[in-house]
Structures are given as structure tokens and as C-alpha cells.
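Student: I would like to learn how to read a structure like this one, feature by feature. Could we begin with the surroundings of the ligand and then move on to the chain itself?

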Amino acid sequence: MQSSSLMDKLVSLAKRRGFVFQSSEIYGGLNGCWDYGPLGVELLRNVKEQWWRAMTLREDIEGIDASILMHPRVWEASGHVENFTDPMVDCRECKARFRADQVEDSPCGSPAYKGRKASKCQAEGKFTEARQFNLMFKTFVGPVEDASAVVYLRPETAQGIYVNFLNVQSSSRQKPPFGIAQIGKAFRNEINTKNFLFRTREFEQMEMQFFVKPGSDEEWFGYWKEQRLQWFTGLGITPTKLQFHRHEPDKLAHYAKDAYDIEYEFPFGWGEIEGIHNRTDFDLSRHEQFSGKSMKYFDEQSKEKYTPFIIETSAGASRSFMAFLVDAYREEEAPTADGKMETRTVMRFHPKLAPVKAAIFPLVNRDGMPEMARSLETDLRKSLRVFYDDSGAVGRRYRRQDEVGTPFCITIDSDTLKDQTVTVRDRDTMVQERVNMDNVARYLNDKLQ
Ligand code: ATP
């Protein structure tokens with residue numbers, strides 16, 4: 001399938017079925033902002049829940065939820081005020097504005113530099129000089145809008161973890177090596193937003209910062225690199241669509257000793273979904289320097305005092321959401337009730353991520369079937385998100401559930417009235433099994449684990 005047509009299909013399915021809507025759509029939308037609909041919010045919550053469980057069910061990781069607005073000195077210490085910039089250029093001909101390092105895929109339609117590098121076009125006088133543009137959103141605390149009231153919407157969640165390192169360490173009585181995990185919104189005033197949820201101005205991150213004794217950092221870096229890749233494959237992402245991309249030593253961020261991106265092969269090409277970075281003692285040292293407060297850890301046993309190194313795993317919740325969405329999408333040939341073949345669209349979400357776990361159908365709306373179906377629904381709803389559907393032919397109802405990735409469809413038919421069994425149909429194999437009504441909840445819970 002053509003990559004553009006696959007993206008168009010996904011964006012349209014996402015809207016039609018309530019996964020993702022354009023923000024403020026009735027006003028023409030707001031660039032780089034999206035809203036998660038009823039199914040999207042479930043999928044996103046499931047992604048975050050799986051991440052949170054993978055992190056915090058361990059004894060060596062604690063959770064935190066820091067505020068979005070922080071003291072402005074945080075962003076001076078972190079280097080964001082000085083360095084969190086992208087070079088921005090304008091095209092004098094078509095007035096398009098974009099990142100100087102991404103001219104190749106700019107939206108500018110000018111034939112003068114189609115397919116050419118920025119430097120060449122600048123030589124031809126088509127571009128303005130590159131200006132550094134800080135990506136942090138600025139706002140003000142309190143009623144007076146002057147320089148002393150400036151604060152920033154956090155561009156990453158990590159700093160909330162660093163400044164709380166000793167609070168968490170002492171209150172939870174952890175010792176390095178240990179980590180702090182956080183999920184939260186981050187904001188970046190990206191020059192160009194593009195590719196649906198891939199590059200947005202408001203997004204969510206799932207970050208875990210692991211504090212280790214200097215010298216053990218390389219080993220932990222290797223460990224977390226593998227763990228994070230396995231998290232994606234464990235939730236069903238096609239392994240051949242994932243790769244590591246190592247940052248070349250001369251391209252490393254100012255704080256990093258080593259860095260790998262986990263990339264997913266999106267329809268528009270490979271793109272980073274998570275970064276794993278060895279940040280050394282940069283962050284804690286800088287906060288110590290800027291705040292004047294010690295950020296060192298004192299090891300009671302060895303009587304050593306040191307600044308831990310940090311191994312960071314930084315994933316985008318929204319970008320991961322998009323990778324799960326893209327990866328799940330299939331168009332397959334499937335038989336209809338009368339034996340013909342038709343194309344079905346099926347979202348093969350991992351059952352743990354699927355927004356709806358099971359759909360319940362009475363075969364017909366009479367003979368007591370709706371009552372039995374409603375009673376099963378009430379029972380299942382106590383622990384699972386389920387959907388009741390009694391409209392249209394059963395084949396059509398299956399297709400509607402396939403399209404949103406519901407792993408199981410349960411039908412109450414005339415046999416149910418006789419022997420209390422229902423059919424449970426598996427989304428992927430389309431095989432149907434008869435299960436006793438009393439055992440359906442246990443059956444589903446086993447399959448969903
Ligand atoms: P990029 O090079 O794509 O701008 P980055 O290297 O700046 O990304 P990090 O600062 O390492 O990204 O952020 C960690 C993660 O946060 C990324 O892997 C990505 O999943 C997510 N992320 C970063 N920027 C955005 C954005 N504008 N929209 C959605 N997700 C983002």
C-alpha cells in the first residue's frame with residue numbers, strides 16, 4: 001500500500017471511529033494539537049498503563065507526578081533556555097517557514113529549491129538567514145506580564161524528576177541503582193508539526209530516569225536499551241519494524257555520553273519513538289550549581305559521596321500510540337456469511353492495549369436473547385470494557401469490531417437458550433468456540449493476560 005494512502009486511511013479511521021479528532025475542529029483546527037476520542041483515550045490509557053506497570057511494579061523504581069510549571073531557573077540549569085532551539089528559515093518566495101535542517105521535506109512548493117539543500121537555496125537568495133527559535137512555550141505567573149513573571153510550559157518531564165531526586169530517594173529509602181518514572185504532558189513550539197501525532201506541540205511523555213553509581217552506567221545503559229525494545233515487541237509491535245539508531249559521537253546532545261533512539265518504520269519512514277540516553281552526572285551537577293543545594297548521594301555503607309549518573313528512557317506516549325495504531329492496521333481477505341470473500345479492515349491490537357475487550361451480540365432481538373446478552377454484559381462490565389451491539393447482521397457487527405480491534409465477540413444464539421453456552425469469536429483467527437456463559441469472564445481474563 002502507498003504510504004500516503006495508508007496514512008490517509010488511518011487518519012480517516014481514527015476520526016470515524018473515535019480514536020483521534022483534530023483539536024478545535026469546528027474552528028478550523030489548531031495546528032499540532034489533537035484530541036483523543038472515546039476509543040483513543042482508552043488506547044492511550046492502556047499504553048500508559050502498560051508502561052507504568054512495566055516500570056513501577058519493580059522494586060527499584062518509584063513513580064512521581066511533578067507539576068508542569070516549574071521555577072524558571074530549572075530551564076537555565078537544564079540548558080533549555082540557551083540550547084533548546086531549532087534554526088528557522090523563511091522562504092522569501094512562498095513565505096513558508098521551516099526548520100533549516102529539514103528543508104528537504106519542507107512544505108514549500110517553490111520549484112527553485114525542490115529537492116535541494118538549504119545551503120544551496122540560500123546561495124540563490126531564496127531563504128532568509130537562519131534564526132534560532134526557542135521551542136519552549138512562555139507564559140506568566142500572576143497578573144503582571146513582565147520578565148520576572150516568565151515561566152515555561154515544560155518541554156520534557158525529566159527535569160521534574162531530577163529536581164526531586166533526593167526527595168524521592170530519602171522518602172522511599174532507595175539506594176542507587178534506582179529509578180524514578182513519570183508520565184505527563186510536555187509542550188514544544190515545533191516550527192513544523194507534521195505526520196499526524198508524530199510531531200505535535202502538546203504531547204505526552206513516559207520518562208524513567210535511572211540513577212546509578214558512576215562506572216556502572218554503561219552496563220545499565222545496555223540493560224535499559226534491551227528492556228525498552230522488548231517492551232514494544234512484548235506489546236505486539238512487529239520486530240522488523242523496530243530498529244536502534246545510535247547517535248554519532250559528534251551529534252550527541254551536550255549532556256550525553258551515549259544515546260540510542262528506538263525507531264519505528266512509519267508509512268512516511270523511520271521515526272524515533274523513544275530515546276535512551278546516558279546523561280552522565282550532567283543534570284544533577286547543573287542543578288547543584290544553579291540551586292546551590294547539594295544533589296549528591298551519600299552511601300551510608302561505603303561512606304562515599306557521589307553524583308549519580310543518569311540513564312534516561314524517554315518515550316513519547318502519543319508517538320508510541322501512533323506506532324501501535326499503524327502497526328495494528330491490516331486489510332485482509334475474509335469470508336462472508338454466504339461464503340464469498342470480502343476485504344476486512346482489522347486493527348490487530350495486543351489484547352492488553354485494545355480499547356474494547358469484548359463485544360456482546362444477541363443473534364436476534366427476540367426469544368429472550370437480548371435479555372441474556374444484557375445480563376452477560378452487566379456481568380462483564382464489572383471488570384472489563386465491553387460493547388453491546390444488536391443492530392444489523394452479525395457479519396456486519398463483527399466487521400465493526402474488527403475495525404476497532406476488539407479481540408473477542410460473544411454471540412448469544414438459539415443454543416444459548418438450550419444449553420447456556422455462547423460463541424466466542426477470536427478477532428485474528430476468526431475461529432469461534434463455544435463457552436459456557438458462567439465461564440466467559442474467566443475465559444476472557446485468561447486470554448487477556
Ligand atoms: P525529535 O528529534 O523527533 O524532535 P527529540 O530527539 O527532540 O525528538 P526527545 O527530546 O528525546 O525527542 O523526546 C523523547 C520522546 O518524546 C521522543 O522519542 C518522542 O517520542 C517524544 N516527542 C518529542 N517531541 C515530540 C513532539 N513534538 N510530538 C510528539 N512526541 C514528541
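Tutor: We need a convention for residue classes before we start: Ala, Val, Leu, Ile, Met, Phe, Trp, Tyr, Cys and Pro count as nonpolar, Asp, Glu, Lys and Arg as charged, and the others, Gly among them, as polar. Keep in mind throughout that this is a predicted model.

Student: With that convention, how do the residues of the shell around the ligand divide into nonpolar, polar and charged?

Tutor: The shell holds four nonpolar, six polar and six charged residues. Altogether 16 residues surround the ligand, and the closest are Glu-190, Arg-199, Thr-200, Glu-272 and Ile-273.

Student: Which strand gives the most to the shell around the ligand?

Tutor: Strand 13 does, with five residues. Strand 10 (202-212), strand 13 (269-278) and strand 16 (309-316) each supply at least two residues of that shell.

Student: What span should the 12 residues of helix 10 have?

Tutor: The expected span is 1.5 Å times one less than the number of residues. For helix 10 (residues 317-328) this comes to 16 Å, and because its end C-alpha atoms are 16 Å apart, the model agrees with the expectation.

Student: How should I read backbone angles, and where are the exceptions?

Tutor: Most residues other than glycine have a negative phi, and most peptide bonds are trans. Thr-280, in the loop between strand 13 and helix 9, has a positive phi near 55°, and Lys-303, in the loop between strand 14 (297-299) and strand 15 (304-306), has a positive phi of about 60°. With relative accessibility of 15%, Thr-280 counts as buried, whereas Lys-303 is exposed at 57%. The peptide bond from Pro-176 to Pro-177 is cis, with omega near 5°, and Pro-177 is found in the loop between helix 7 (165-172) and strand 9 (178-187).

Student: How far apart in space are His-287 and Arg-73?

Tutor: Their C-alpha atoms are 9.0 Å apart, although 214 residues separate them in sequence. His-287 belongs to helix 9 (residues 282-291) and is buried, with a relative accessible area of 6%.

Student: How many helices and strands does the chain have, and how many disulfides?

Tutor: The chain has 14 helices and 23 strands, and 50% of its 449 residues count as buried. A disulfide requires a pair of cysteine sulfur atoms within 2.5 Å, and by this rule the count is zero.

Terms used
Residues are numbered from 1 along each chain as its sequence is written. This is a predicted model: local features need pLDDT of at least 70, side-chain atom pairs count only at pLDDT 80 or more; totals for chains, interfaces and linings use all residues. Side-chain values use heavy atoms; hydrogens and water are left out. A residue is near a molecule or strand if one of its heavy atoms lies within 4 Å of it. Helices (H or I, at least four residues) and strands (E, at least two) are DSSP runs, numbered from the N terminus. Buried means under 20% relative accessible area, exposed over 50%, partly exposed in between (1.4 Å probe, protein chains only).
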